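Biologist: Here is the model I would like to go through with you. Could we take the charged pairs and the strands in turn?

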Amino acid sequence: MALMRSVSSASLRSDSPSVTCYSDLSAKYHLRNTKVSLDYSPPSHDASFASFPLLSCSVNNVLFFNRGNRVHYKNLTTSEDVGQLCKLQESHGDLHIIECGGADLPDLVALGTSKGYVHIWDVKSKKMTASWSTKGVSVMRWNGPVLTIGGLKGTIKHYDTRINPTSKMKEQARKVTRHQTPITSLAWNVAGKLLASGDQTGNVYCWEPGQRTPLDVGDFIQRRKKMQHAGAISAVTWSPWQPKLLASGDMTGVIRLWNVDSTSRSNAAAPGKIELDSPVTGLHFSPHCKELLSTHGTSLVTPEASTSHIWPRTSVSNAIAVHSYPSLRHVTTLDVAEKPLGVSVLNALGTKIILSVPEDCKLNVCDVWSKRKEIKKQPSFMDTSTIR
């Protein structure tokens, strides 16, 4: 039970005597750099990778990314060349966010700019279908037809894009306020019933649709339950196979696991914890096996300090790391680049990860997990024969 709640640096050591069995789909056997890369241009300003995600993959397996203020796309299934969706007007500011619609809106892409403009584009027609402005946009996530936007002042707004005209949609947008600093991460769970939000001061809140106050979950801090990190939140993600399991990561290299349940059965007061030597830049649960992937920036400690028992022997500096659940043991690590890794996204099949290396102006593609093959049902002898 101690391993399920907290993992010390010792669990990352390669000389662990215990023998662990891994699924055939595990990253233990499939994690590798495919050597496939794309050119892209990171923001010209000094922006946090956590606050401005300029990478998104649609359910049709089409990757959208930026080159300056131009939005480009690449079909990851075919060998088609890179295409261009649009170019932003200079008066609307720099491109900050790209977010693809979900399964019910596969051809829509939302864009956010530094001056607070939000554009909705139809991919097939290459036309903008809606546009409006708001006060500061730091992150966006779709939940069906509702576009949830986190702001630079800590406000979260929900825009129902089915409402016309746009002015009426803005008037009816639901707003919640609890964060006091910029929202750095947003994530809806697979059922669309829980929203997680993280901010620059390390706070994480969970919300149910229509509620103006967050759920009462987390560690007991000053007689109140809080989901809190010591560093700025850089990623939040929900498990696809356990709808109330949330992972959050921060800039100090800490990943925490929370079972978000507002009832007395919640164990969020004692979440799992993984302490690593490098900032967390992205988190992704596998849809195929019980594993969690994290991407990282440059190590926070010097080589001399890394020999201390406080830090793991296995460095995750500028690398991809994979952890098993519920033990949270280290599964494998892949060094991708000598520079910090930025934002990342899984492909539509959940088998590959596309991640940015801002200092190299490259997007790298890596294999991570294998997908379970569906067994085709063969007609049995009894189905094809008759008894005479």
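Modeller: Let me begin with terms: two strands pair if DSSP finds at least two bridges between them, and helices (H or I, at least four residues) and strands (E, at least two) are DSSP runs, numbered from the N terminus. This is a predicted model, in which local features need pLDDT of at least 70, side-chain atom pairs count only at pLDDT 80 or more, and totals for chains, interfaces and linings use all residues. Residues are numbered from 1 along each chain as its sequence is written, and side-chain values use heavy atoms, with hydrogens and water left out.

Biologist: Which residue in the turn of the hairpin formed by strand 10 and strand 11 has a positive phi?

Modeller: Strand 10 and strand 11 run antiparallel and are joined by 5 bridges, with Asn-143 opposite Val-146 in strand 11. The hairpin leaves 2 residues between the strands, and the turn residue with a positive phi, about 65°, is Gly-144.

Biologist: In the hairpin of strand 11 and strand 12, which residue takes a positive phi?

Modeller: Strand 12 (residues 155–160) is antiparallel to strand 11, again through 5 bridges, and Ile-149 has Lys-157 as its bridge partner there. Here 4 residues lie between the strands, and the one with a positive phi, near 90°, is Gly-154.

Biologist: How many residues of strand 11 are buried?

Modeller: Buried means under 20% relative accessible area, exposed over 50%, and partly exposed in between, with a 1.4 Å probe and protein chains only. In a regular strand the side chains alternate between the two faces of the sheet. On one side of strand 11 Val-146, Thr-148 and Gly-150 are buried, and on the other Leu-147 and Ile-149 are buried too. For strand 11 (residues 146–150) the count is therefore 5 of 5.

Biologist: What is the N to O distance in the salt bridge of Asp-367 and Lys-352?

Modeller: A salt bridge is a side-chain nitrogen of Lys or Arg within 4 Å of a carboxyl oxygen of Asp or Glu. Asp-367 is buried at 12% relative accessible area, whereas Lys-352 is partly exposed at 29%. Their side chains meet with an N to O distance of 2.4 Å.
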